[in-house]
Amino acid sequence: MRSSSFSWVRALPMVALVAVLSSSSTLAASPVGLRMTTNATTVRQGDSFQLDVVLTVNGQDAVDELDMPDLDDFDVLQQTETQGASINMVGGRRTVLVEHRRSFMLRATAAGTKQIGEATARLGG
């Protein structure tokens, strides 16, 4: 039987001007963080930019779901997914952090202000 203990993490929505304003949201003072960043503050119609969604969790936490924001207002030119881990020893105590990263190369298809919604993650117990 699967444990019903879980927690939700959200990266707050980002507002875009003709594509995306660079923004980042991380849960402070938490072993878990979910953030979204872009490599551009504004783009012209037809130009491309990168959106990164990064979830960082303690090594023992299982990621049950990682839902990406709605990207219907953009052409998705490329999508990559990577995962990495770091091990730290502090005072004889070992901590393992695992980073799940999804990167999107997007193209603005129409002029105007666009909003990229939130990404959410559900972690199992």
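1. D47 lies in the loop between β3 and β4, where strands (E, at least two residues) and helices (H or I, at least four residues) are DSSP runs numbered from the N terminus. With a relative accessible area of 35%, D47 is partly exposed; buried means under 20% relative accessible area, exposed over 50%, and partly exposed in between, for a 1.4 Å probe and protein chains only. Leaving aside residues up to four places away in sequence, D47 touches L106, R107 and A108, contact meaning heavy atoms within 4.5 Å. D47 and R107 are 60 residues apart along the chain, and their C-alpha atoms are separated by 5.5 Å.

2. A remark on the basis of these values is in order. The model is predicted, so that local features need pLDDT of at least 70 and side-chain atom pairs count only at pLDDT 80 or more, while totals for chains, interfaces and linings use all residues. Residues are numbered from 1 along each chain as its sequence is written, and side-chain values use heavy atoms, with hydrogens and water left out.

3. An open sheet is formed by four strands in the order β3-β4-β7-β6, with antiparallel pairing; two strands pair if DSSP finds at least two bridges between them. Its edge strands, each pairing on one side only, are β3 (33-38) and β6 (74-90). From one strand to the next the twist averages 15 degrees, the axes being lines fitted to C-alpha atoms (for helices over the stretch in contact) and the angles running from 0 to 180 degrees between N-to-C directions.

4. β6 and β7 (residues 93-108) run antiparallel and are joined by 16 bridges. Within this pairing, T82 has R101 of β7 as its bridge partner. R101 also belongs, with D52 and E99, to a network of salt bridges.

5. How many salt bridges does the structure hold? There are five, a salt bridge being a side-chain nitrogen of Lys or Arg within 4 Å of a carboxyl oxygen of Asp or Glu. One of them joins D75 and R107, whose closest N and O atoms are 3.4 Å apart. This pair links distant parts of the chain, with D75 in strand β6 and R107 in strand β7, 32 residues apart. D75 is partly exposed at a relative accessible area of 33%, and R107 is partly exposed at 30%. R107 is also one of the residues touched by D47.

6. A salt bridge also forms between the side chains of R102 and E81 (3.4 Å, N to O). R102 is in strand β7 and E81 in strand β6, 21 residues apart, and the pair thus links distant parts of the chain. R102 counts as buried at 18% relative accessibility, whereas E81 counts as exposed at 56%.

7. Strand β5 (residues 63-67) pairs with β9 in the antiparallel sense over four bridges. E65 has R122 of β9 as its bridge partner, and the side chains of R122 and E65 meet in a salt bridge as well (3.5 Å, N to O). R122 in strand β9 and E65 in strand β5 are 57 residues apart, a link between distant parts of the chain. E65 is partly exposed, its relative accessible area being 29%. Strand β9 itself is mostly covered, with five of its six residues buried.

8. The largest nonpolar core has 21 residues, of which L34, L51, V53, L55 and L106 touch the most other members. Such a core is a set of buried Ala, Val, Leu, Ile, Met, Phe, Trp, Tyr and Cys residues joined through side-chain atoms within 4.5 Å. Two or more residues come from each of β3, β4, β7 and β9 (119-124). β4 gives the most, with five residues.

9. The structure holds one aromatic pair. Rings of Phe, Tyr and Trp (its six-membered ring) pair if their centres lie within 6.5 Å; planes under 30 degrees apart count as stacked, over 60 as edge-to-face and the rest as tilted. The ring centres of F49 and F74 are 5.6 Å apart and the planes are at 80 degrees, so the pair is edge-to-face. F49 in strand β4 (residues 48-58) and F74 in strand β6 are 25 residues apart, and the pair links distant parts of the chain. Both F49 and F74 are buried.
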